[in-house]
Amino acid sequence: MKLYINKWRMYFILLMPIILLGQSNKINDIISPLKLISGKADTLIISDLFYAPDYNLNFLDNKNISVHLEKEKNLLIVKANPVFEGFSTVEFKYRNEIYSIPFYAKKMNQYNFTYKSEVKHK
């Protein structure tokens, strides 16, 4: 019985590093949706979105959002199209795998207020 338990421990110790190394090439985090205001740029720290050993990302084109990556600072600058409102995803390629960052863009209503004084000022 004792030999049987020690054998499983040995297999576990030998196989665990192999399993962990095999999984390190993929992003396993759940990426939370971004909340954006249409037409306004937002700057995000990439490591706040998900963990990866390096952030060598290539973003795919999307007509609803523009994406700029500053690799030196690990910053992601995103700006939703001013006429777009709704849900979509930004896709990027990392180590030959394609991942998506979901986002929601909302239009903000703009109101212009004017006031004409009845009193004439000198």
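The chain exposes about 10,100 Å², and carbon and sulfur atoms supply 57% of that area. Accessible areas come from the Shrake-Rupley method with a 1.4 Å probe, and for residues only the protein chains shown count as cover. The model is predicted: local features need pLDDT of at least 70, side-chain atom pairs count only at pLDDT 80 or more, and totals for chains, interfaces and linings use all residues. Residues are numbered from 1 along each chain as its sequence is written, and side-chain values use heavy atoms, with hydrogens and water left out.

Of the 122 residues of the chain, 25% count as buried. Buried means under 20% relative accessible area, exposed over 50%, and partly exposed in between (1.4 Å probe, protein chains only).

**Fold and contacts**

The secondary structure comes to 2 helices and 7 strands. In order from the N terminus, the elements run α-β-β-α-β-β-β-β-β. Helices (H or I, at least four residues) and strands (E, at least two) are DSSP runs, numbered from the N terminus. Among contacts between residues at least 6 apart in sequence, 57% join residues at least 24 apart; contact here means heavy atoms within 4.5 Å.

**Nonpolar core**

The largest nonpolar core has 24 residues, and those with the most contacts inside it are Phe 50, Phe 92, Ile 101 and Phe 103. The elements that give two or more residues to this core are β1 (34-37), α2, β4 (65-70), β5 (75-80), β6 and β7. Of these, β7 gives the most, with 4 residues. A nonpolar core is a set of buried Ala, Val, Leu, Ile, Met, Phe, Trp, Tyr and Cys residues joined through side-chain atoms within 4.5 Å.

Leaving aside neighbours within four places in sequence, Phe 50 is in contact with Ile 27, Asp 29, Ile 31, Tyr 55, Leu 57 and Phe 92. Phe 50 counts as buried at 2% relative accessibility, and Phe 92 is buried with a relative accessible area of 0%.

**Aromatic pairs**

The count of aromatic pairs comes to 6. Rings of Phe, Tyr and Trp (its six-membered ring) pair if their centres lie within 6.5 Å; planes under 30 degrees apart count as stacked, over 60 as edge-to-face and the rest as tilted. Two of the pairs are tabulated here.

| Pair | Centre to centre | Angle between planes | Class |
|---|---|---|---|
| Phe 50 and Phe 92 | 5.4 Å | 10° | stacked |
| Phe 87 and Tyr 104 | 4.8 Å | 45° | tilted |

Phe 87 counts as exposed at 69% relative accessibility, and Tyr 104 as partly exposed at 28%. Ring pairs also link Phe 50, Tyr 55, Phe 59, Phe 92 and Tyr 99 into a cluster.

**Salt bridge**

Side chains of opposite charge can pair when their charged atoms come close. The count for this model comes to 1 salt bridge, defined as a side-chain nitrogen of Lys or Arg within 4 Å of a carboxyl oxygen of Asp or Glu. Asp 54 forms this bridge with Arg 95, the closest N and O atoms being 2.7 Å apart. The pair links distant parts of the chain: Asp 54 lies in the loop between α2 (46-49) and β3 (58-59), and Arg 95 in the loop between β6 (86-94) and β7 (97-106), 41 residues apart. Asp 54 is partly exposed, with a relative accessible area of 29%, and Arg 95 is partly exposed, with 38%.

**Two loop residues**

Asn 62 is found in the loop between β3 and β4 and is buried, with a relative accessible area of 19%. A polar atom of the Asn 62 side chain lies 2.7 Å from the backbone nitrogen of Asn 64. The backbone oxygen of Thr 89 lies 2.6 Å from a polar atom of the side chain of Asn 62. Not counting residues up to four places away in sequence, Asn 62 touches Ser 88, Thr 89, Val 90 and Phe 103.

Ile 30 is in the loop between α1 (2-23) and β1 and counts as exposed at 78% relative accessibility. The C-alpha atoms of Ile 30 and Tyr 51 are separated by 10.0 Å, the two residues being 21 residues apart along the chain.

Technical notes. A polar contact is a pair of N or O atoms within 3.5 Å; within protein, one must be able to donate a hydrogen and the other to accept it, and residues adjacent in sequence count only if both atoms are side-chain atoms.
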